[in-house]
Amino acid sequence: MTNEQIQQVIDELKALNAKTAKEVEEARIRFLGKKGSITALFEEFRTIAPEYKKLYGKALNVLKQEAIAKIEELREAAENDIASGRAVEDMSLPGSGYELGSRHPVSIVRQEIVDIFRKFGYDVAEGPEIEDDWHVFEALNFPPNHPARDMQDTFFVSAGHKNPLLLRTHTSSVQVRAMEKLKLPIRVICPGRVFRNEAISARAHCIFHQVEGLYIDENVTFADLKQAILLFVREMFGADAKIRMRPSYFPFTEPSSEVDVSCNICHGKGCNICKGTGWLEIMGCGMVDPNVLEANGIDSKKYSGFAFGMGIERIAMLKWQVNDLRHYFENDLRFLHEFDSALEV
Ligand code: DAH
């Protein structure tokens, strides 16, 4: 081994000017690969006389470190060039590709519900997610001691005063906003996110989505309500779907009803989804309570109306037989990709 040999490699390394990732890799092999010039010097180093080892050993180690650093520097520069589009490595290589996103199942069903009611002449109305007590409870005829006004059920943003701010617990609040803002007759559909202070489980979540419907005009009757729901259900679940209405209670409707749809899995025979009954509960509804009309400045002698409200996740669960509500909020791509083909719906 001679100083000249080492100097020659140093000079070559100084002169090295590799631009592309491919050239950098070739240079690495030339200097540091198994048969590279620096590797060869290390091989030779093993055979030299012990008194020279210290001198050459140091020089070789410095050279090797410098070579590694320079090649790393060139590699980074080449990668930056590619990233910034300054250099194109090999035009014949396949592109890196990116995944197309798809719509969330809740968005798909929300759109489907909205589209169906749009066909019936409903407009979309929206309201704030942070609401006040008036729009969520008071104007909807909730008595002062109703359990929904308890901290246990509702997330309060600011408590303590007469009209506290809270996260809306249902989209019925948008009914009130619509009555305040729109001219009669009113025919709106109100999709949105709602919040309840619930422990998260397969059947309950603290955030979910609802669609509210409201129709107010002269001479609106329960028969109109029944017909609107039947038409909706047939569009959503198929032409042979049936409905069943059970008496119920909501502060803002009188009379009130809950609606079941015939089970679209067993077609009424009874299965584990409908728990053997042949029916699945899908929404609440009723005739708008005259107290609600009056609280919103509408003459209840002249006008009447109906309202309904349904959970979007619930409809999606029935449509796709998803048995755990948590799937909708965990952003697991394996779950979300199952709905890619539903895009065309
Ligand atoms: N707001 C009710 C809930 O969150 C759903 C509902 C029931 C809405 C009956 C309505 C209705 O408009 O008439 O459970």
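The legends below describe close-up views of strands and their pairing in a predicted model. In this predicted model, local features need pLDDT of at least 70 and side-chain atom pairs count only at pLDDT 80 or more, whereas totals for chains, interfaces and linings use all residues. Residues are numbered from 1 along each chain as its sequence is written, and side-chain values use heavy atoms, with hydrogens and water left out.

**View 1. Burial of strand β5 (residues 186-195).** Strands are DSSP runs (E, at least two residues), numbered from the N terminus. Strand β5 is largely enclosed by the rest of the structure, because eight of its ten residues are buried (under 20% relative accessible area, with a 1.4 Å probe and protein chains only).

**View 2. Pairing of β5 with β1 and β6.** Two strands count as paired if DSSP finds at least two bridges between them. Strand β1 (residues 123-124) pairs with β5 in the parallel sense through two bridges, and D123 stands opposite V188 of β5. Strand β6 (residues 207-217) runs antiparallel to β5, and ten bridges join the two. Within this pairing, I216 of β6 lies opposite I186.

**View 3. The open sheet β2-β4-β3.** Three strands form this open sheet in the order β2-β4-β3, with antiparallel pairing. Its edge strands, β2 (130-132) and β3 (156-158), each pair on one side only. From one strand to the next, the twist averages 40 degrees; axes are lines fitted to C-alpha atoms, and angles run from 0 to 180 degrees between N-to-C directions.

**View 4. Contact of β3 with β4 (residues 165-167).** Two bridges link these strands in the antiparallel sense. The bridge partner of S158 is L165 in β4.

How values were computed: Buried < 20%, exposed > 50% of the residue type's maximum accessible area, 1.4 Å probe, protein only. Helix = DSSP H or I, 4+ residues; strand = E, 2+ residues; numbered from the N terminus.
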